[in-house]
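Okay, thanks for coming, everyone. Let me put today's structure up on the screen, and then I'll walk you through how the chains meet.

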Amino acid sequence: LKEWRQMRLLVCLKQVPEPESLFDLEQGRVIWRRPFRTRMGSLDEFALETGLRIKDAFPNTTIQAVTLGPISSSGILHRALGMGADQAFHIVTEDEQDLRPLAVASALADWAREGAFDLILCGAMSEDAMQGAVGPMLARLLDIPWATAVSSLETSQDASSIEVTREVEGGNRQILELPLPCLVTIQSSPFQPRYPALSKLLEAKKADIPAYVLDARSLPAEPEHIVRLEVPNRSRAGVFLEGSTIEKAVQLMAILRQRALL
Amino acid sequence: VNAGSAHSENGPVVVVAEHRDGQLSPLTNELAVCAQRTAEMLSSEVVIAILGEQVSEVAQEAARTIGHKVYAVKVPGLKGFHGEAYVKILADLIPSWGASAVVGGHTTSGMDWAPALAVDLHATYLAGVEALDEDADGMLFSRAGLFGKAQEIIKPKANPWVITVAPGAFPAPAGLPEHPGSVELFEETSQKCRAKVIAYKSAADQDLGLTQAQVVVAGGRGIGKPENLELIHRLAGLFSRSAVAGSRPVCDLGWLDYGSQVGLTGAMVSPKLYISCGISGARQHTVGMRGSDFIVAISSDPAAAIFNLADVCIVDDLTAFIPALLDQAERAVH
């Protein structure tokens, strides 16, 4: 067996609502309807899977999963342990504290500086906010190189660098080599994230996850804030067909014929 | 990481052009539209910056087709897009130009350099902006949040701002500008970057039938299982010159080839008819199809964001609705 120096990976995870969760907007704020279900961000799951594949190839690797969010988001850390992360850490925020990307990146940077990680993995964006800001901000705060929207990653034989493929517009790809330490944000790929093994999940559920409460005073002033949320404008007619399935099918046929599309 | 020192409330609004292989991306014109409206609200002007090793021709093209003042920033060794190089160069130039805002695309390149540049400039980062507004204290930015099901109205603090613009949100005017722009050359020294570009690979086998089809039937995660793709194919079979497409998750799952992917990292299509089946309507997908002439959306989620840009909306289970539709089509023939 080859001997590598130990690689330390940090995977940043975010809890997001289930995409089909129902909500109301009241005075510009979101009120989730019950039952309110959440999950690990789907691209964060791909980021964790990328880390686990590195560990499969280089067993001398440790993976730490970290999240920043309310107490209720610890579930995704249990899941990360179940999937195969070695450690988990929770930076706890207040329930209604909706931090902007720079604050999230700053808190993660404070944590990452302590850990001397070789590689930091994030999802390319969260599917609810779709900003993709935390990864590049975190890289810049730590002054390490980065690559975003990466769909495949190869570690060099001596674990000193990685070669990544970035997905860019129109199905084109850019291939980059980055020295470690560095940060990569992960796009989805054919490597579907693994399911946690039941035995590991049961073990993980019992695990006591270390946590600390984020001190908001330690963060930079928020450079922007959400004034309110609004119902999106419809860009088109958006006619909802009514009736039974067959009635709707009849109506659609009529519309397509009328427009000479069929 | 150095602080942006000089910037002013009515300094220029700088568009960072997207270009590749000597070609200006059409998106740059959309960025200029958003920048122009921002500049009007700030009583300032628009500047288009083009970064690269060989930029003079692209800069002339931008001046001719978009207008404004164009800064051709010549950087030895910068052959294509490089996030780290862009951030270092812009972090140097933007304060020297006293810019109030920097505008890029909410694209795979813009999303790579813009948030990082915001850190260097101590700037507000506004991601995926779709509309501009103002209140008594200044500008407001609207962007999609909550899976595209709500618009976030965001107020930034003082300038500078780093903005990425959602493709398709600020349509470019047709034709050439009334006043062509002028080009000014800037010479930058080459940048030492830790990340090294090894290669650039063009899309291998994009389905040409897809961009030329008059009818596109697209399946998303909501189709549930690969067996249900047959329904999508049969639906497409009702139309001549039709093609089957998919959202990114469906291609990742291997249910369809990546050549059939519509969206930010796939094909951009604008057929006469687009039928979306089980697609939630995340912006990464809709940027690739929002220009279609007529859009029919089928989804079991009544709040799906796709319905906001559809002409006809059908809330139903695909596996019930598509067979019913096929059945109606068959009856019509007999």
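Predicted model: local features only at pLDDT ≥ 70, side-chain atom pairs only at ≥ 80, totals over all residues.

In chain B, strand E7 (residues 124-135) and strand E8 (residues 138-145) run antiparallel and share 6 bridges. If you want to find them on screen, look for Asp135(B), whose bridge partner in E8(B) is Gly138(B).

Now zoom out. Those two strands belong to an open sheet of 10 strands with mixed pairing, and the order goes E14(A)-E9(B)-E8(B)-E7(B)-E10(B)-E6(B)-E1(B)-E4(B)-E5(B)-E11(B). Which strands sit at the edges? They're E14 (224-230) of chain A and E11 (182-187) of chain B, each pairing on one side only. From one strand to the next, the twist averages 35°.

There's another strand link between the chains: E15 (residues 239-240) of chain A runs parallel to E17 (residues 312-315) of chain B, joined by 2 bridges. There, Val239(A) is opposite Val312(B).

And the interface overall? We've got 87 residues of chain B in contact with 80 of chain A. About 7,500 Å² is buried between them, with carbon and sulfur atoms giving 59% of that.

On the polar side, 43 residue pairs make polar contacts across the interface, and there are 7 salt bridges. One of the salt bridges is Glu177(A) with Lys196(B), at 3.8 Å, N to O.

Methods. Residues numbered from 1 in each chain as written. Chains lettered and ligands numbered in written order. Heavy atoms only, no water. Contact = heavy atoms within 4.5 Å. Buried area = accessible area lost by both parts, 1.4 Å probe. Salt bridge = Lys/Arg side-chain N within 4 Å of Asp/Glu carboxyl O. Polar contact = N/O pair within 3.5 Å; in protein donor to acceptor, adjacent residues only side chain to side chain. Pairing = 2+ DSSP bridges. Helix = DSSP H or I, 4+ residues; strand = E, 2+ residues; numbered from the N terminus. Axes fitted to C-alpha atoms, helices over the stretch in contact; angles between N-to-C directions.
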